[in-house]
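Dear colleague,

Please find the structure we discussed below.

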Amino acid sequence: FAKELKYFYPAHGSNGFNERNLTYQFAKEFSRRPQSCAFMEVPYHNPALNKYNKRIDCLATDPRSAIFVESKRLYNSIKASEIALDIERLSKGNTSAILDKLSLRGVPQNVYMLVLAETWQPSVVSWWLGEKTRITWDKNLLPTDLTRKSIEVSKYCEKTLYWLYGYKRIN
């Protein structure tokens with residue numbers, strides 16, 4: 001992605017990159033694996049309406065693994081709370097029902113949830129990693145069993161773009 005940013009910058013000013021772009025970048029790289037595929041906006045059951053009208057951003061799968069992905073731009077406490085809700089939606093109940101209903105080659109033995117986020121703020125990176133920071137968002141929003149890491153993607157106009165990610169096994 002950093003290499004691609006040298007040719008095209010798909011954002012204006014401080015807008016950052018659309019969360020779909022994060023999901024796409026992950027799915028594109030994952031799909032290079034043999035016998036893998038990635039699907040966007042995977043439906044799951046909404047019991048309130050008895051319809052499959054709820055969506056998970058992405059399901060990346062190969063014969064051994066399935067990874068359910070949710071992506072966000074992380075720049076305020078509201079977005080942090082939305083990430084917590086995404087993690088809750090990626091519970092085993094929702095994801096196992098998706099695999100049971102939609103998998104045509106059997107349920108992979110390794111099932112994970114992955115949360116991707118982007119930020120331009122080093123203090124947000126520190127909050128994500130559980131480090132001391134000036135950010136006052138609730139530190140308990142993210143589960144302690146979620147492995148959290150960050151990557152410095154690129155510098156642009158004297159700022160640094162970071163990708164944050166958290167994952168855990170859910171089966």
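The notes that follow concern charged and aromatic side-chain pairs in this predicted model.

Salt bridges. The count comes to eight salt bridges. Two of them involve strand β3, which spans residues 65–73, and reach distant parts of the chain.

In one of these, R89 and E70 meet with 2.6 Å from N to O. R89 belongs to helix α2 (residues 77–89) and E70 to strand β3, 19 residues apart. E70 is buried, its relative accessible area being 1%, whereas R89 is partly exposed at 22%.

In the other, R73 pairs with E118 at 3.7 Å, N to O. E118 is buried, with 2% relative accessibility, and R73 is partly exposed at 22%.

Salt bridges with shared partners also join E70, K72, D86 and R89 into one network.

A further salt bridge links R32 and E29, whose closest N and O atoms are 3.5 Å apart. Here R32 is exposed, with a relative accessible area of 61%, while E29 is partly exposed at 42%.

Aromatic pairs. The structure holds three aromatic pairs. One of them, formed by Y165 and Y167, is stacked, with 6.4 Å centre to centre and 15° between the planes. Y165 is partly exposed at 23% relative accessibility, and Y167 is likewise partly exposed, at 32%.

With kind regards

Key:
Residues are numbered from 1 along each chain as its sequence is written. This is a predicted model: local features need pLDDT of at least 70, side-chain atom pairs count only at pLDDT 80 or more; totals for chains, interfaces and linings use all residues. Side-chain values use heavy atoms; hydrogens and water are left out. Rings of Phe, Tyr and Trp (its six-membered ring) pair if their centres lie within 6.5 Å; planes under 30 degrees apart count as stacked, over 60 as edge-to-face and the rest as tilted. Buried means under 20% relative accessible area, exposed over 50%, partly exposed in between (1.4 Å probe, protein chains only). A salt bridge is a side-chain nitrogen of Lys or Arg within 4 Å of a carboxyl oxygen of Asp or Glu. Helices (H or I, at least four residues) and strands (E, at least two) are DSSP runs, numbered from the N terminus.
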